[in-house]
Amino acid sequence: MTSLKRSVDSDVFASNISNKTYVRSTRSGKVQKIVREVYLRTDIPCSSKLCKACLADAPRNAAQEAQPFVLSEKPAGTKAFPQGHYLVPDTNAVLNAMDLFEQTSAFYDVIILQTVLEELRNRSLPLYNRLVGLTKSEDKRFYVFFNDFRQETYVQRGHNETVNDRNDRAVRKAVKWYAEHLAQTKTKSIPAVVMLSNDKENLHKAKEDGLNGSTLREYVSTLEDGDRLLDMVAEVESSGGFQKQGQMLYPEHFSVSKMMTGVKAGLMHQGIFSVSPYNYLEGSIKVPAFPKPLLILGRENINRAIDGDVVVVEVLPQDQWKEPSTKIIEEEAITKNENADAEGSQDLVSEKERKALQDEVKKTQKGSSEGRPQPTAKVVGVVRRNWRQYVGHIDPSSASRATTQGRKQDNVFLIPMDKKIPKIRLRTRQTSELLGKRLLVTIDAWERDSRHPVGHFVRSLGELETKAAETEALLLEWDVQYRPFPKTVLDCLPKEGHDWKVPASTEDPGWRDREDLRDLLICSIDPVGCQDIDDALHAQKLPNGNFQVGVHIADVSNFVRPANAMDTEASIRGTTVYLVDKRIDMLPPLLGTNLCSLKPYVERYAFSVLWELNENADIVNVRFTKSVIKSREAFSYEEAQIRIDDESQQDDLTKGMRMLLMLSKKLKQKRMDAGALSLSSPEVKVQTESETSDPIDVKTKQLLDTNSLVEEFMLFANISVAAKIYDAFPQTAILRRHGAPPKTNFDELSEQLRIKCGMELRTDSSKALADSLDRCVKPGEPFFNTLVRIMATRCMMSAEYFCSGTQAYPEFRHYGLASEIYTHFTSPIRRYADLLAHRQLAAAIDYEAVHPSVRSRGRLEAVCKNINVRHRNAQMAGRASIAYYVGQALKGKVAEEDAFVMKIFSNGFVVLVPRFGIEGLIRLRDLAEPEPESDFDAESYTLTTSGSREVKVELFQKVKVRVHDHKDEATGKRGVKMELISA
Amino acid sequence: MPLDTSTYSLALLRVDGRRWNELRRLHAQIRIQAAADGSSYLEMGNTKVMCVLTGPSEPQQQQQGQRRGQATAGGGKDAAINVSIVVAGFASVDHKKRGRNDKRTQELELIIAKTFASVAHTHLFPHSSISLALHVLSADGSLLAALLNAATLALIDAGIPMSDYIAACTAGSTSSYAAADDSADPLLDLNTQEEQELPFITVATLGETDRVAVLNCESRVQVSRLEGMLAVAVDGCKEVKQLLDKAIKAKGAKMIREGAAEKSDAMAMDLDE
């Protein structure tokens, strides 16, 4: 065994051993005491390129490679430290100012201590991951110094010393060691070692020890572009000095242990807090204990929870139960005139809010004769904040006029784009520059004495309403990864680039186990202008009278090897995002639009599903193979339809397409018979000018037979593949399921249909639902059925990817498609799940060995979780983009359109305009001036107004509205505004 | 919560501050219990085990079948080796009691019994049995390795002839199976946290040779990493053997000094060591 790699002699333990003891409590509430050994050593390098001593005994890995040293020999200097400096931030500095550390203009040569890293991991995993990412980037020069493993810098926690004090001491000790250690190098200019901390006591003690210390604010202000960076310093640290008037506006949150005990005892409930899109003071929380969500009403009960946070609630006494609000309350309108500076002095609930609440109470009490108050709850604590970065703009009315010049710091409000997020208070010195811009901010804290959360500015995206800024804003808002592909990813592409071809010789390794299907008459059918062609089809009659049908999918897995940089990037992106004017690719365009794309007239690698079907479209047999194909033509849906309909075309390709169409109709019929739902969402297409991509017009999407042709065969292929990979990998197959919706989801809709239209919505099975939806028709009103379908769709669960081992077989069912098992296989260029399915299918047919990442269940589950989120976000971003462009298309125009009433409140109603696929809110005060008196009958969903204008609005009613765009001068926000013409 | 094993790549330091090829502190003692025929106490880091040996003695009448870990080479010609392991309730963090019929414990018993049946010269003691009672006082990773080492010491203490020491240790790999990272370093002597997060093998060799007596792998690991892990483990075993040897010699020297044993002429050992 001479080939065995041998280890070097490990040095005799000169080290000391210490123990680290800590106590943790498990999820079930048990307390565990954990003891860890710590081996203290003297060979952990300082990693400064100045230091020769450390370089000599730098540690080596098993391949005998030492890690290169990180910290530069000539670090940048500042006014205070002209000789150059290394930074040593403490935990709070990193926690509050991560965005600063990621800046490219400053913050180089940073020493991250192990103490800091550990504490950060405890406090926030996302920040920890960002910091680790920074330490891996070469140009930022971040070095992790394991101070708790180095003998000289190790600090034992003293008797009666708190963990925080111990950590602060450890940081100071490490700073001291670094300073002394660097002094030993005897070079001419020794860089200063500067501790960054916001803790006054820590800084004070550092001064006593003769160390360099600075607060973030002081430090940043000595930098060159300090003013700009200063805004990014988190708010919490500076708030210490200037207020504390002691008036607490919100009740205190419970301690974690109190919440856990409460939840365990069933007296409190944990869940994700969500805010009503129509009323910012009304939230709801779905908890496992009750079938229906609990209501949370009012600022005080919401108690600083923000949409998405995981909170614990307590049910309120029955006399405080209420009906859900039938009123629209918008934060912007009600709190318009609040002053950002005079925060603490006001009462928690402002006068106007109080008034809105009074009306609410009146309403409830009037309705209480029917007596259906719903249980309400109040938030008693937050388990986990789900804060992200928010996009918004500064409320111009909150900025005082005087500050348009000068550099005085002042408080302003930021109105987030997402209506569910409350206003955020910012402190900035550059109000004048930031007004009218799209901004990215993060929330730092929400203290009890502050009515609004406090945040800080991250960066500006550009002018409001410019295409670039708005597009970036919605990408950020939906967390879409839109940065260009890094070099490591591009390095994974084939070297030939665009000249890559299927090898001519069938002896080439690329041809291994591939079937030559080049002589089949294959074509692709896609939307107009589609560049990333995932799929192509063919059909031919077999001698025995059956049909051979093939679905050919781009063989992306041939180019994207598992676990390389490109694969990792794709798995993070999860899906391609389609915006009106832009496509954010999952894979580099070379692959997506060229090498993988099944373009016509060229040879391409494909993954083929080949069926033999009989006259009734029943499967005689199915097989899967990797192949090489040559598409004969790329049709658009319209072209394909015309060609099929044209009787004069009698060539084999057209005949094949007719066969496909015939079979697809049979498949569809079978699916419908099995109870598949045809659902609906308002879909429109924005037509843009080709040069400037300015929107010209909005069209509703048309559906042709050929659309459903392609769709049917894709579903068919997906189902066949799902069965195959589940058979091969019962534990790890990647599948897609659509849960049956809980019955209660349909309660409201079926009630509405029963009362308003006398129709019955049956929801006991997907078949029953499909049939009853078919019966929901109003003569002479074709859109009514679509409207009901749109509303039914909103009651459904969303479909999700999952790993087969995590669910029992009956749970695999796809409710909407009425299929027992389903996966995504047909769009690997734009969806990561399909790529995984390709790999699993390739392994299932013994084409290649299964890669570990495709069969480790934990990893697959993590991937599924990510792509589910990404998929949803991509849809939302796409819709937001359409909404923005519809608004732009309407700019300066006024249109009169038909609309349907979807939802009714006591002071307004929501209409859907089918022509534009947009929903709009019409409030009573928009109807006439002064606001008409109204009478709202919640039982029959009718709103009758009297006085200045008399109309009667009912649910599902068809109304005429005037649609025009509108810019709110106060907020600078452009939106679509609707006015009722006639009911 | 302290850092996890993924930080190794940041500075080539493991969760407890060791490098990839370092053993934990190993402390060994023999003859800790005068009443037993052989006994030992061994610590590998925070893994602490004790072994008490009885035998060779007449076998208990009909040892309740073959239930407990035992290995006989048939017909009673060789001595039977019976191993029983008791894991103390306080040995691990969760304070979970392992019952007598715990399958994992039984498997460990069987591995240990089989290993020593092949190394000890059991044919010298026909129709007799050797019972090893192993007690786990504290479990912090590399449990099987520690048990094997402790059993070796007890057997030596009891004076049962063996062809060589059995020296054992574990080896792992710095990144998990699914990470598919081919540049992963091998690791020596894993603690609990590392065992939970990383793939690992347990290896025992015959003395300082390259002959592997035990190779046990319960986690999924890439074949390409196995060679490196095995090489590191074999080297680790040699180190362990030297440490065990030192403990035995120290005890021997002490006994001679105290007059508990006589110095034989054939002994080339230096007492002043």
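**A walk through chains A and B**

In strand 17 of chain A, Val454(A) is the bridge partner of Ala445(A). That is a handy place to start in this model, which is a predicted one. As background, strands of a sheet pair through backbone hydrogen bonds, either parallel or antiparallel.

Helix 21 (residues 652-673) and helix 22 (residues 705-728) of chain A pack with their axes 9 Å apart, at an angle of about 65°. Because angles of 65 to 115 degrees count as roughly perpendicular, these two helices of chain A are described as roughly perpendicular to each other. Their crossing is left-handed. On the helix 21 side of chain A, the contact is made by Leu660(A), Leu661(A), Ser664(A), Leu667(A) and Lys668(A). Facing them from helix 22 of chain A are Asp705(A), Ser708(A), Leu709(A), Glu712(A), Phe713(A) and Phe716(A). The residues of this contact divide into six nonpolar, two polar and three charged.

Next comes a hairpin in chain A. Strand 33 (residues 933-937) and strand 34 (residues 942-946) of chain A run antiparallel and are joined by five bridges. One of the pairings links Asp937(A) to its bridge partner Thr942(A) in strand 34 of chain A. Four residues lie between the two strands of the hairpin, and in this turn Tyr941(A) has a positive phi of about 50°.

Ala88(B) is in the loop between strand 5 (80-87) and helix 2 (103-119) of chain B. Is Ala88(B) buried, exposed or partly exposed? Ala88(B) has 17 other C-beta atoms within 10 Å, so it is partly exposed; a buried residue would have 20 or more, and an exposed one 12 or fewer. Leaving aside residues up to four places away in sequence, Ala88(B) touches His135(B), Val136(B) and Leu137(B). Leu137(B) is 49 residues from Ala88(B) in sequence, yet their C-alpha atoms are 5.6 Å apart in space.

Note on methods. Residues are numbered from 1 along each chain as its sequence is written. Chains are lettered from A and ligands numbered from 1 in the order in which they are written. This is a predicted model: local features need pLDDT of at least 70, side-chain atom pairs count only at pLDDT 80 or more; totals for chains, interfaces and linings use all residues. Two strands pair if DSSP finds at least two bridges between them. Two residues are in contact if their C-beta atoms, placed from the backbone, lie within 7 Å. Axes are lines fitted to C-alpha atoms, for helices over the stretch in contact, and angles run from 0 to 180 degrees between N-to-C directions. Angles under 35 degrees count as roughly parallel, over 145 as roughly antiparallel, 65 to 115 as roughly perpendicular and the rest as oblique. A crossing is left-handed if the near helix is turned anticlockwise from the far one by less than a right angle, and right-handed if clockwise. Ala, Val, Leu, Ile, Met, Phe, Trp, Tyr, Cys and Pro count as nonpolar, Asp, Glu, Lys and Arg as charged, and the others, Gly among them, as polar.
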